[in-house]
Amino acid sequence: MAQQDAREAPQDIPEHRTSTVEQGAFCTARCTCGWRGPARRARSQARTDAKSHAP
């Protein structure tokens with residue numbers, strides 16, 4: 001599955017809202033624009049991914 005890069009985020013959504021979602025032993029950062037970060041074992045790293053996506 002291809003992941004969107006932060007630079008490819010759609011501009012029609014005025015605000016990016018990120019969150020983290022746990023899937024078993026992994027945590028993934030997600031955004032309202034459809035972006036998804038890689039699955040991480042460390043929640044802190046998933047939160048860092050989410051922060052780096054936000055403009």
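Mentor: Begin with a definition: a salt bridge is a side-chain nitrogen of Lys or Arg within 4 Å of a carboxyl oxygen of Asp or Glu. Side chains of opposite charge can pair when their charged atoms come close. Here the side chains of Asp 49 and Arg 40 form one, at 2.9 Å from N to O. Before going on, note that this is a predicted model, in which local features need pLDDT of at least 70 and side-chain atom pairs count only at pLDDT 80 or more, while totals for chains, interfaces and linings use all residues. Residues are numbered from 1 along each chain as its sequence is written, and side-chain values use heavy atoms, with hydrogens and water left out.

Trainee: Is Asp 49 buried or exposed?

Mentor: Buried means under 20% relative accessible area, exposed over 50%, and partly exposed in between (1.4 Å probe, protein chains only). Asp 49 is buried because its relative accessibility is 8%.

Trainee: How many salt bridges does a search of the whole structure find?

Mentor: The search finds three. Another joins the side chains of Glu 22 and Arg 43, at 2.9 Å from N to O. That pair links distant parts of the chain, with Glu 22 in strand 1 and Arg 43 in helix 1, 21 residues apart. Helices (H or I, at least four residues) and strands (E, at least two) are DSSP runs, numbered from the N terminus. Glu 22 is exposed at 51% relative accessibility, and Arg 43 is partly exposed at 48%. There is also a salt bridge between the side chains of Arg 17 and Glu 15, at 3.4 Å from N to O.

Trainee: Which residues of helix 1 are buried?

Mentor: An α-helix has 3.6 residues a turn, so residues three or four places apart point the same way. In helix 1 (residues 43–53), the buried residues are Ala 46, Asp 49, Ala 50 and His 53. They lie on the same side of helix 1 because they cover an arc of only 95° around the axis; the arc is that of the directions from the helix axis to the C-beta atoms. The face turned away from this buried side carries the exposed residues Lys 51 and Ser 52.

Trainee: What do the buried residues of helix 1 pack against?

Mentor: They pack against strand 1 (18–23) and strand 2. Contact means heavy atoms within 4.5 Å. Apart from neighbours within four places in sequence, Ala 50 is in contact with Thr 18, Ala 29 and Trp 35.

Trainee: How are strand 1 and strand 2 paired?

Mentor: Two strands pair if DSSP finds at least two bridges between them. Strand 1 and strand 2 are antiparallel, with six bridges. Thr 20 stands opposite Ala 29 in strand 2, and Gln 23 stands opposite Phe 26. The hairpin has two residues between the strands, and Gly 24 takes a positive phi near 65°.

Trainee: Which residues make up the largest nonpolar core?

Mentor: In soluble globular proteins, nonpolar side chains tend to be buried together. A nonpolar core is a set of buried Ala, Val, Leu, Ile, Met, Phe, Trp, Tyr and Cys residues joined through side-chain atoms within 4.5 Å. The largest one here has five residues: Ala 29, Cys 31, Cys 33, Trp 35 and Ala 50.
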